[in-house]
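Let us walk through this model together, from a single side chain out to the whole chain and back again. Keep the viewer open and follow along.

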Amino acid sequence: MSLSLRTTDGGEVQVSAEVLQLFKAGFRGSVLGPDSADYDATRSIWNAMIDRRPGLIVRCTGTADVQHALRFAKQHHFLLSVRGGGHNIAGLAVCDGGLMIDLSLMRGVSVDMKGRTARAQGGCTLADVDRETQVHGLAAVLGFVSATGIGGLTVGGGFGYLTRRFGYTCDNLVSLEVVTADGQVRRAAADENAELFWALRGGGGNFGIVTGFEYKLYPVGPEILGGAVVWRAEDAGQVLDFYRRFTATAPRETTCVAILRIAPPAPWLPAEIHGKPIVAVFVCHSGSIDEGEKVLAPLRSFGKPVADIITRRPYTQMQSLLDATQPNGRRYYWKSNYLAQVSPQLIAVAIEHAARIPSPHSAVVIFQLQGALNELPEEHCPAGNRDTTFVLNITSSWEKAADDAVNQRWARDCFAAAAPYSTGGTYINFLNAEEGSDRIEAAYGKQNLDRLAALKQRYDPENLFRHTKSVLG
């Protein structure tokens with residue numbers, strides 16, 4: 001039996017049973033074709049709008065498998081994609097007709113408690129890393145939905161509840177193990193392959209397959225003060241004005257996320273509010289809990305909240321608090337920009353468009369970032385955007401393909417109305433499948449993008465890693 005795989009030039013190549021068997025002989029993981037029992041489950045990712053069918057999927061067990069698979073792809077000029085957590089909005093993990101290298105079985109984590117670092121394999125999720133680091137009361141700077149893969153998060157920049165204190169996720173990398181396009185395994189760090197290290201801290205999947213991450217760790221938890229306060233949507237103007245003023249003076253240990261949406265049927269919300277528009281502020285205070293109680297008191301007492309679930313809770317629980325809003329299998333479409341401030345004009349736009357939300361799963365999200373990331377120069381790493389203080393993410397989410405047009409239109413309209421109040425920059429990991437070179441330049445800035453393009457020519461001259469947000473324009 002032979003397989004037909006798409007190639008990088010848009011053609012197809014037949015892979016004979018003998019060639020496939022020879023590959024399998026040097027591969028420890030599983031190899032899945034379209035007829036394999038686990039094929040559909042493995043190719044399916046978080047965003048149901050992405051329905052691509054790789055010609056072959058190889059599930060790696062370690063770096064040697066990744067190296068072997070990459071050399072196989074290069075030898076036969078296969079179109080290539082790489083899956084970590086499969087949580088990217090644009091579905092970069094899955095290619096149509098080509099070879100998908102799946103790292104999701106590579107989920108080992110080791111913690112150096114004395115050195116305050118953690119090493120994690122490339123297929124880990126946030127939950128995998130948090131689980132192991134919190135045994136020691138330590139945490140890496142990661143995202144805020146626990147099923148997210150660390151790979152895409154980190155090489156795209158990464159931010160979460162600890163960013164105000166310590167910067168982007170990629171600002172807190174010590175080193176990476178990466179298989180580059182020539183099939184070599186390299187260590188990238190400040191003292192070794194420094195240019196590659198620079199590129200991998202925000203430059204996305206353009207430069208290789210990262211099989212291992214080494215992160216700085218910080219004392220956090222095991223308990224933090226966190227949760228959410230919720231008000232009715234008719235109070236949104238006053239609440240968001242308070243949010244604007246409160247976040248301007250809140251200590252870096254406190255991160256606040258404002259969300260406008262329709263109330264879900266969550267058990268912690270009063271039944272009479274279910275299905276009605278709300279405004280919520282999710283908060284994580286990762287410092288002293290006693291100090292956090294004082295800091296958050298004005299937020300909790302503002303106006304007439306309909307719910308307040310701020311409490312002492314495990315940091316790992318805080319990291320998964322928003323998971324229910326992002327289940328696998330829904331249809332997702334995002335539009336996003338960075339903000340220099342939450343202006344009254346931006347607040348008005350958010351309220352106006354939140355009132356028009358066509359799906360009970362969609363939201364307008366304003367995530368607080370200002371702090372440590374602003375203290376590094378723009379050229380520190382490709383993630384850049386050191387002038388940002390918040391990120392605006394318009395998260396459209398719905399169930400049925402028949403509703404695609406109306407939900408995408410809502411997100412686009414809200415984005416267009418909010419654009420005048422942005423920095424002009426954007427987060428590479430929030431770019432959807434249709435956003436191209438102009439938005440990629442907005443994510444990196446021209447100077448960083450030009451440097452990335454030059455390094456791409458050096459490390460991947462044949463553009464093997466093309467199934468990503470390309471730095472080549």
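Cysteine 124 is buried, at a relative accessible area of 0%; here buried means under 20% relative accessible area, exposed over 50%, and partly exposed in between, with a 1.4 Å probe and protein chains only. Cysteine 414 is buried too, with a value of 2%. The structure has 0 disulfides, a disulfide being a pair of cysteine sulfur atoms within 2.5 Å.

A word on what you are looking at. This is a predicted model, in which local features need pLDDT of at least 70 and side-chain atom pairs count only at pLDDT 80 or more, while totals for chains, interfaces and linings use all residues. Residues are numbered from 1 along each chain as its sequence is written, and side-chain values use heavy atoms, with hydrogens and water left out.

Now zoom out. The protein chain has 14 helices and 21 strands; these are DSSP runs numbered from the N terminus, with helices (H or I) of at least four residues and strands (E) of at least two. Along the principal axes, the C-alpha atoms fill a box of roughly 70 × 55 × 40 Å. Of the 473 residues, 58% are buried. Contact means heavy atoms within 4.5 Å, and among contacts between residues at least 6 apart in sequence, 72% join residues at least 24 apart.

Leucine 32 is 24 residues away from leucine 56 in sequence, yet their C-alpha atoms are 5.9 Å apart. Beyond four places in sequence, the residues that leucine 56 touches include Leu3, Leu20, Phe72 and Met100.

Asparagine 393, in strand 21 (residues 390–398), is buried at 6% relative accessibility. Leaving aside neighbours within four places, its contacts include Trp334, Lys335, Val364 and Phe430. Glutamine 326 sits in the loop between helix 10 (315–319) and strand 19 (331–339), and is buried with a relative accessible area of 15%. Trp334 is also among the residues that glutamine 326 touches, along with Trp46, His87, Val145 and Tyr332.

On a 1 Å grid over the protein atoms alone, a cavity is a set of points where a 1.4 Å probe fits but cannot get out, a pocket is an open set with protein on both sides within 12 Å along at least five of seven lines, and lining residues have an atom within 4 Å of a point. There is 1 cavity of 30 Å³ or more. The largest cavity holds about 60 Å³, and its 14 lining residues include Gly156, Tyr338 and Ile428 among those nearest its centre. The second largest pocket has a volume of about 240 Å³, where a volume is the space filled by probe spheres set on grid points joined across faces, edges and corners. Among its 17 lining residues, Arg83, Gly85, Thr125, Ala147 and Asn328 are the closest to the centre.
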